[in-house]
Protein chains: 2
Amino acid sequence: MAIKFTLHKTCAQSGARLGTLETAHGSFETPIFMPVGTQATVKTLTPAQVEAIGAKIILSNTYHLYLRPGHRLVEKSGGLHKFMQWPGSILTDSGGYQVFSLNDLRKISEEGVSFRSHIDGSKHFISPEKAIEIQQALGADIIMCFDECAPYPADRSYVLPSLERTLRWAKRCQDAHSNVEKQALFGIIQGGMYHDLRARSAEKMIELDFPGYSVGGLSVGEPKPLMYEILESTVPLMPAYKPRYLMGVGSPDALVEGVLRGIDMFDCVLPTRVARNGLALTSFGKVVVRNNPYAEDFAPLEEGCDCYTCQKFSRAYLRHLIKAEEVLGLVLISIHNLRFLMRLMEKMRQAIREDRSLSFAKEVLAKLL
Amino acid sequence: MAIKFTLHKTCAQSGARLGTLETAHGSFETPIFMPVGTQATVKTLTPAQVEAIGAKIILSNTYHLYLRPGHRLVEKSGGLHKFMQWPGSILTDSGGYQVFSLNDLRKISEEGVSFRSHIDGSKHFISPEKAIEIQQALGADIIMCFDECAPYPADRSYVLPSLERTLRWAKRCQDAHSNVEKQALFGIIQGGMYHDLRARSAEKMIELDFPGYSVGGLSVGEPKPLMYEILESTVPLMPAYKPRYLMGVGSPDALVEGVLRGIDMFDCVLPTRVARNGLALTSFGKVVVRNNPYAEDFAPLEEGCDCYTCQKFSRAYLRHLIKAEEVLGLVLISIHNLRFLMRLMEKMRQAIREDRSLSFAKEVLAKLL
C-alpha cells in the first residue's frame, strides 16, 4: 500500500485523534497541517526553509501544474518531489476545486469539465480519468478524486445531482488509478450544508473503500458554526482507521475546532497568503505588522516562538520591510505563520496524548479571539 | 583603529593585490565583492542565506535608511547590524550618490544638498555633518564621506568646482566624525573622466589621511575602456597600504578588470537586480532563465557551482518559477548570482596568490564574452 495510517488513540475529552501516517517520503504524526505549494513552491520559501518550519507534507495543485509547467514536464524531470526538491510527502488535489471556481470559464458535463485557462485563455478538458493521469504523472504520495465542490449557498436541487455525479466520478477515478502501490487515492465527501446529503455521500464513498477520505465543500463562505455542525454529523460516519482530511481549512481557530471533531489533516493557503499582506498569526490573534504601534517595538512577533523570524528579528524590522515593500518581509512572516500553525498542531497532539484536548482548545481559542 | 588592512602581496602579473581587512565584525581577504542591502536587506534573502553565500561584508544605503525607517530608529534598535541581524561587516555609503541622482528634486549649495524624498516628497537637507551623523547612528564598520558624483558626460568646468567642493566636504566629514575607534571613514576620489582632475582629487584627499579610499564617479554611463583608463591613472596614486574601493562596480568583467588594476573592494546591485529579471550570471555569460531552450533543461544553472540553487534545482524548475512569477525564482537566482561573484573573487584571490592573475583574468574574460 502507498500509505499506512495508524490510529493511536482518541482523546478522552473530545473526538480528537492521534495517529501516524506513513508514506514513501516519511512518517509523521497526525493531526497535521499541510502548507500549500500551489505552483510547486510554498510561496516565497525554499524547501530548506519549509523543512526547518517542521513541515512533513505539503499540498500542491494539479490544476496549476497541469497548465504550467505541464504534468509531462514534471514527470520527465523525475516527478514533483524531485522537480521542486521537496524531500517530504506531497498531496495533490484533483484540480476540481480550481476548475469549478472558474465560473463563466467552465462547462460541466457527465464526461468532465471543459474550461479555459486563467493564464492564456486556452481550451482544456479535465475528466476524472484525466485528473488521475495528471496526478500519476506528478507522482504525489496522496492524490484526490476529481469532484465538484458545490458553491455556498446552493439548493438541495443543485447539491444532490452534483454529489451523485461526484460519486460516479470517484468510481471512474478509482478505475483509472493504476499506481496504487505508490499513490494513495482519497475519496471526497460532498453534500453541501445538508446533513442527509453529507450522509449519503459518505455512505456511497465509503463503499468504494478508499485508503483515506476528505471532507470537501466546506470553508466556502458558510458561517463557521455551520461548518462545525456539518463536521459533527459527517466525521463520525467516516472510517475510524483511515485518515480524515478537511480540505482548505487553516485558520487557527478552525484547525482547533476541526481537530476536536476528529479531523487528521488540513491544508490552507491562509498562512502564506496573509503573510503577503503583512499579517502575522500569533497565539494572541492577528498582528498587522505595518501598524504604527510596532514602529519602535523591538520585541519579536511572538515571545517564545522558536521560528527563525522570532529568534532573530524585531517587529520594528519586519514593519520596516513591509513598509519598504521588501520581499524579505513576506519571507519572514510566511516562516512565522507556518511555524505558528505547526506548533499549534504539535501542542494539539500533545494535548490529545494527555487526554486534555478540549481544555487545551478552550485555552487556545480564548486567547485567539 | 576601526579597521586594520594588511597588504600581503601584489601579483607578479598585474596590479592585483591580496590583502586582509579586519573590522569589529570579522576579518576577510581582499579583493572582495560586497552584496548590496539598500534598505537593510540584501533583496529577497535572509541574512542566513547571505552568510551561506560566503559574503563577509555588505553595503547598505544611508539615503534610504535615513528616510525609512530613520537612522534614529535603527540606532535605538541597537544599530544596523542588530536591526537587520547581519553578523558580518557593513559599509554604508554617504547618501551623496542617491541625493545627486534625484536631479530635479535636489538643490546643491556649499552647505549641503536640499532635496525631496522619493517616497513622499517631504523636504530634507543633508550636509557633510548630517551624513556623518546618520552614518554614526547606523553604526556601520566603514562609512563614506559625503561627496558629489559628477554625471557623465560632464565638462571640466562642472567637474573641477564639484571636486573642490567634495574635498571641502571631506574635511568637514572628517571633523564631524567622532566615532573613529569604531567606524573607519573613507575618502572618495572624484574628478570625472579627466586624468589631471582625478590626480588633483587623489592628492588632496590623501593629504587628509583617511584609513581607506574609494574611486567614485565611475560606472556612471561611460564606456568601460574609459573607466579602466581612469583606474590605470588614478589607482597608482592611492596609498598602497590602505584599502582601495571601486564604488558601484559589479559586472563580472569589470570586477576582474578592476582587480587587475589594484582595486580591493567592490559593490553593486547588479547580481540581485538582474536576478529579479530572471537573469543568471555564469562563467559562460548571462543565462536568460525564461527562454524556451531551458523549458526541459534539467541541468543546474551552472555545472560545478556549489550554491544552494545549483546543488538542488534545475533550469527547468527555475524557468517555471520565473514564468509563474513565483518569488522563489528571484530568491534562487539571487543566491546563484551572488555566489557566482563570490566564487569569482575567491578564484581571483587564489590566482593573485599564485602570481597568475593576468592569465586567469584572460581565461575568465574569454569565457564571459
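Predicted model: local features only at pLDDT ≥ 70, side-chain atom pairs only at ≥ 80, totals over all residues.
On the side of chain B that touches chain A, at least two residues are supplied by each of the helices α1 (47-52), α3 (71-76), α4 (80-84), α12 (308-312), α13 (315-323) and α14 (327-353) of chain B. Among these helices, α13(B) provides the largest share of that side, namely five residues. If the residues of the side of chain B that touches chain A are sorted by class, they divide into 21 nonpolar, eight polar and seven charged. The contact as a whole takes 36 residues from chain B and 36 residues from chain A, and the two chains bury about 3100 Å² between them, with 62% of this area on carbon and sulfur atoms.

Charged side chains also meet across this boundary, for the count between chain B and chain A is four salt bridges. In one salt bridge, the side chains of Lys43(A) and Glu326(B) come together at 2.5 Å, N to O. A search of the whole structure, over all chains, finds 50 salt bridges. Lys43(A) lies in the loop between β4 (32-35) and α1 (47-52) of chain A, while Glu326(B) lies in the loop between α13 and α14 of chain B, so this pair joins two chains.

From the interface we can turn to the empty spaces. Rolling a probe the size of a water molecule over the atoms shows where empty space is left. The structure holds two cavities of 30 Å³ or more, and the largest cavity has a volume of about 60 Å³. By class, the lining of the largest cavity has nine nonpolar and three polar residues, and no charged residues.

The second largest cavity has a volume of about 50 Å³, and among the residues that line it are Tyr317(A) and Leu328(A), together with Ala40(B), Thr41(B), Val42(B) and Trp86(B). The lining of the second largest cavity has 10 nonpolar and two polar residues, and again no charged residues.

At least two residues of the lining come from each of α5 (96-100), β14 (265-268) and α11 (270-275) of chain A, and α11(A) gives the most, with four residues. The lining of the largest pocket divides into 13 nonpolar, 15 polar and six charged residues.

The second largest pocket has a volume of about 640 Å³, and it is lined by 31 residues, of which Tyr97(B), Gln98(B), Gly248(B), Asp267(B) and Val269(B) lie nearest its centre. Here α5 (96-100), β14 (265-268) and α11 (270-275) of chain B each supply at least two residues of the lining, and the largest share, three residues, comes from α5(B). By class, this lining has 11 nonpolar, 14 polar and six charged residues.

Finally, some details of the backbone deserve a look. Most residues other than glycine have a negative phi, and most peptide bonds are trans. Against that background, the peptide bond from Thr30(A) to Pro31(A) is cis, with omega near 0 degrees, and Pro31(A) lies in the loop between β3 (26-30) and β4 of chain A. The peptide bond from Tyr152(A) to Pro153(A) is also cis, with omega near -5 degrees, and Pro153(A) is found in the loop between β10 (142-144) and α7 (156-176) of chain A. In chain B, Thr44(B) is not a glycine, yet it has a positive phi of about 75 degrees, and this residue is found in the loop between β4 (32-35) and α1 of chain B.

How values were computed:
Residues numbered from 1 in each chain as written. Chains lettered and ligands numbered in written order. Heavy atoms only, no water. Contact = heavy atoms within 4.5 Å. Buried area = accessible area lost by both parts, 1.4 Å probe. Nonpolar A, V, L, I, M, F, W, Y, C, P; charged D, E, K, R; others polar. 1 Å grid on protein atoms, 1.4 Å probe; cavity = no way out; pocket = protein on both sides within 12 Å on 5 of 7 lines; lining within 4 Å. Points joined across faces, edges and corners; volume = space filled by probe spheres on them.
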